[in-house]
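Reader: I am new to this structure. Please show me how to read it, one feature at a time.

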Amino acid sequence: MRKLLFLSPLVLALALGACDDTKKPAAPGSTGGEVKTPAASPEPGPPTPDDQPSDGGAEQPSSEPIPPAPGPPAQPASPPPASPATFNHDAPGVIPAGQGHGYLDRTVWSPNMCWPLQDDAFANSQVYGHGGGMGPAGTSQCDAANYSLPWHDTFCEARSRDNPLCAGGGTGHQGQDIRPAACKKNQYWAVAAEKGVITDIGSYTVTLTASAAPHRVYRYLHMQMAALAVHEGDTVVAGQKLGKVSNDFGGTPTTIHLHFELRAGVAGVTTDGKPVVLHTFLPPYMSLAEAYQRKLNGGTCS
Ligand SMILES: [Zn+2]
């Protein structure tokens, strides 16, 4: 699988005619219990009425307790205004020791995408940061430390979800976690990264499949699902409002953040010689960083 990522974007583009957005990660089967367990199989089962929980392990490391529902901000963060001159981020693939093995990939897999939020934001770990289930004891998710630069890559952070790019058994965080401009839920809009179609809405997931080749698939998690601005089947333009960043996570809330995924197909061949398109998670970190820098520089999105 890893070798496939060294294929050129042209090959990727040619291979993407048969993107299958129905191939969601398998549900771990937990419905609000205290422990998340790894998915039994990467094969998707029959669709369930509400896609529950299609990303259940994405926000928790394996066999770790779910953090308590976040209460009112104990120490409301007042981050300084973002500036194109001061924005900075850690290098891709940098994950602290004991928190997984980062995936070093400087590829900007979606070079022209829109910044998927209307406002400023802070990319960092929800699980290992302040207020996270594995974070410093007694801390709040609203701690100013979570609302500060630099950004940190969280792709392949230790989680229970299937991700063949991650070392150590092929499990890890499937996307990038992003805190909104301030520690407030249901206030900041997430927007479409590209023009496309809303191909799926789950219990806490919204999937956008881009109209243009290579038909990248973006998945947004933890928005305020009861007040989405889109419906399944809608066509959206780049930058269009989808929903507000929240902490929805099926029955159990997570921290206030947007989990953002980028998937695309890569061409492969089966053992009996048949071409196949493998749909895989790709590191979105550098695409996000570049999109954010464009926004800070005053660029528009269309
Ligand atoms: Zn996440």
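Reader: What should I know before I start?

Author: This is a predicted model: local features need pLDDT of at least 70, side-chain atom pairs count only at pLDDT 80 or more, and totals for chains, interfaces and linings use all residues. Residues are numbered from 1 along each chain as its sequence is written.

Reader: How many helices and strands does the chain have, and in what pattern?

Author: Helices (H or I, at least four residues) and strands (E, at least two) are DSSP runs, numbered from the N terminus. Here there are two helices and 10 strands. Along the sequence the pattern reads α-β-β-β-β-β-β-β-β-β-β-α.

Reader: How do I read burial, and what share of the chain counts as buried?

Author: Count C-beta atoms, placed from the backbone. A residue is buried if 20 or more others lie within 10 Å of its own, exposed if 12 or fewer, and partly exposed in between. Of the 302 residues here, 47% count as buried.

Reader: And contacts?

Author: Two residues are in contact if their C-beta atoms, placed from the backbone, lie within 7 Å. Take the contacts between residues at least 6 apart in sequence: 69% of them join residues at least 24 apart.

Reader: Which residues of the largest nonpolar core touch the most other members?

Author: The general idea first. In soluble globular proteins, nonpolar side chains tend to be buried together. A nonpolar core is a set of buried Ala, Val, Leu, Ile, Met, Phe, Trp, Tyr and Cys residues joined through C-beta atoms within 7 Å. The largest one here has 52 residues, and Cys 114, Leu 117, Ala 190 and Tyr 220 touch the most other members. Elements that each supply at least two residues include β1 (122–123), β6 (217–221), β9 (258–269) and α2 (285–296). The largest share, six residues, comes from α2.

Reader: What does Tyr 220 touch?

Author: Leave out residues up to four places away in sequence. Tyr 220 then touches Ala 190, Val 206, Leu 242, Leu 258 and Phe 260. Phe 260 is also the bridge partner of Tyr 220 in β9.

Reader: Which residues of β6 lie on each side?

Author: In a regular strand the side chains alternate between the two faces of the sheet. In β6, Val 217, Arg 219 and Leu 221 are on one side, and Tyr 218 and Tyr 220 on the other. Both faces are covered, and these residues are all buried.

Reader: How do I read strand pairing around β6?

Author: Two strands pair if DSSP finds at least two bridges between them. β5 and β6 pair in the antiparallel sense over five bridges. Thr 205 has Leu 221 as its bridge partner in β6. In the hairpin of β5 and β6, with six residues between the strands, His 215 takes a positive phi near 55°. Five bridges also join β6 to β9, again antiparallel. There, Arg 219 stands opposite Glu 261.

Reader: How do I check the length of α2?

Author: The expected span of a helix is 1.5 Å times one less than its number of residues. The 12 residues of α2 should therefore span 16 Å, and the end C-alpha atoms are 16 Å apart, which agrees. Its buried residues include Tyr 285, Leu 288 and Tyr 292. Among the elements that cover the buried residues are β1, β2 and β9. Gly 298 follows α2, with a positive phi near 90°.

Reader: Is Gln 176 buried or exposed?

Author: Gln 176 counts as buried because it has 27 C-beta neighbours inside 10 Å. This residue lies in β2 (residues 176–179). Gln 176 and Phe 260 are 84 residues apart in sequence, yet 5.2 Å apart C-alpha to C-alpha.

Reader: Where is Asp 90 found?

Author: Asp 90 is in the loop between α1 (9–15) and β1. Asp 90 is partly exposed, because 17 other C-beta atoms lie within 10 Å. Not counting residues up to four places away in sequence, Asp 90 touches Pro 150, Trp 151, His 152 and Asp 153.
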